[in-house]
Amino acid sequence: MFTLENLVKAYLSCRKRKRKTINALNFEDNWEQNLFKLQRRLKSKKYKPGRSICFIVTYPKIREVFAADFRDRVIHHLLVSKLEPFFEKRFIYDSYACRKNKGIHLVIKRITKAINKITDNKTRPVYFLQIDVKSFFCNINKNILFAILKNKLEKTKSFKKDKEKIMWLAKTIIFHDPTKNYYLKGKKELFNKLPANKTLFKTPPYKGLPIGNLTSQFFANVYLNELDQFVKRELKAKYYFRYADDMVLLSKDRERLKKWRIKINNFLKEKLDMKLNPKKDKTGSVWQGINFIGYVIKPHYILSRNRVVKNLKTKLHHFNQGLLLTSNNQKQIALPLANPPTKEKIETMLATVNSYYGHFCHADTYRLRKNIYEKHFGNLKKYLKPTRSYKSFKMIKENNEKH
């Protein structure tokens, strides 16, 4: 497991999206020697996670993030690359967060297809239940997580000689407490706004995984796979969809959904030391629409959530006021633009607009896309032009060459 070849693969995978960060660049300056050092520490079992960067993000909601050092991220990729193929075969199909070839857009399509089927082609009443685990990442019980992992690996003949190494490394990462060694970034007063159940600084030492690490996202799926199996095997819920800790269930029987909600909450309490957040419960007819991960899903069409539309309009407004709305992980800030805007700023807006329009294209939003372009782009029309059906935008060469 700790061969140099495996470490190189983990390093290359890790740097794909982090290559321009300071830590990644520092590591890359002498990457071969750094990987040799990591290999020696892993083989001797002297490896320990280093200092994390702790900061608060306030958009779309306030959260505490612990970002591991780049060298530790390489180790995360190494471990997940070993465990992922094994667990992928055991996860249910309708779990979508942080999985290859899955994601938001596929779960939206699956729910739409399920609604069409269960309503007998939109002719019968059907109900939905939307539930959410309370303070999920802060409430993951490390002892239970490690026991789940150990139990699964002991029952398989896979991994052979690597099994002991995998368990040691997994234990090292799972039980590491980032609050004991961190660098604080951003404004300290933002931490005072965090609810007690949303911070690792106020959770028991045996609970909580840091938001921001690949291993945390992967272990979250391992942890909630226990619930997935219960819902599918014991409750026999045919139409059950999970994205991270957000779940949607469909049924023709409203009372059955209520009973499932009670049983799911009981399972979480008894087996996973968690509970549902009653404030996040949503139930009703599918004809009302299911407001789920950025979209509103209805039997006849899909809409984009109002908050997403409003955010894009705000950014376009700031651009036209001579400002550029950007994010520094703490909050969204309006920065003054040059007059006229530089090519770099236009490229930033192009990336932003195409990101939003990519989101819109997975819903029935042609009129919305056209309306935003015609009424809210303003001066940006001088620099960007829409492709067919307003699906994306390109830069207008004549105007941008002047910059």
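I began with strand 1 (residues 52–57), which pairs with strand 2 in the antiparallel sense over five bridges. I count strands as pairing if DSSP finds at least two bridges between them. Helices (H or I, at least four residues) and strands (E, at least two) are DSSP runs, numbered from the N terminus. For Ile-53 I found the bridge partner in strand 2 to be Ala-67.

Before going on, I noted that this is a predicted model, where local features need pLDDT of at least 70, side-chain atom pairs count only at pLDDT 80 or more, and totals for chains, interfaces and linings use all residues. Residues are numbered from 1 along each chain as its sequence is written, and side-chain values use heavy atoms, with hydrogens and water left out.

Then I traced the sheet around this pair: an open one of three strands, order 2-1-4, with mixed pairing. Its edges are strand 2 (63–67) and strand 4 (182–184), each pairing on one side only. Neighbouring strands here are turned by 30° against each other on average, direction ignored. For such angles, axes are lines fitted to C-alpha atoms, for helices over the stretch in contact, and angles run from 0 to 180 degrees between N-to-C directions.

**Cysteines**

How many disulfides does a search of the whole structure find? I got zero, taking a disulfide as a pair of cysteine sulfur atoms within 2.5 Å. For Cys-54, the nearest cysteine sulfur is that of Cys-138, 11 Å away. Is Cys-54 buried or exposed? I read a relative accessible area of 0%, so Cys-54 is buried. My cut-offs are under 20% relative accessible area for buried, over 50% for exposed and partly exposed in between (1.4 Å probe, protein chains only). Cys-361, at 31%, counts as partly exposed.

**Strands 5 and 6**

Next came strand 5 (residues 240–243), joined by four bridges to strand 6 (residues 246–251), and the two run antiparallel. Tyr-243 stands opposite Asp-246. Two residues lie between the strands in this hairpin, and Ala-244 takes a positive phi near 60°. In a regular strand the side chains alternate between the two faces of the sheet. I checked both faces of strand 5 and found them covered: Tyr-240 and Arg-242 are buried on one side, Phe-241 and Tyr-243 on the other.

**Strands 8, 9 and 10**

I also looked up an open sheet of three strands with order 8-9-10 and antiparallel pairing. Strand 8 (290–292) and strand 10 (302–304) are its edges. Three bridges join strand 8 to strand 9 (residues 295–297), and Ile-290 has Ile-297 as its bridge partner. What packs on this sheet? I found helix 5 (residues 104–118), touching strand 8, strand 9 and strand 10, with its direction at about 15° to that of strand 9. Contact here means heavy atoms within 4.5 Å.

**Phe-393**

Phe-393 sits in strand 14 (residues 393–395). Its relative accessible area is 3%, so I logged Phe-393 as buried. Leaving aside neighbours within four places in sequence, its contacts include Leu-350, Tyr-357, Phe-377 and Pro-386. Asn-354 is 39 residues away in sequence, yet 6.3 Å away C-alpha to C-alpha.

**Whole protein**

Last, I noted 14 helices and 14 strands. Buried residues make up 47% of the 403 residues. The C-alpha trace spans about 60 × 60 × 40 Å along its principal axes.
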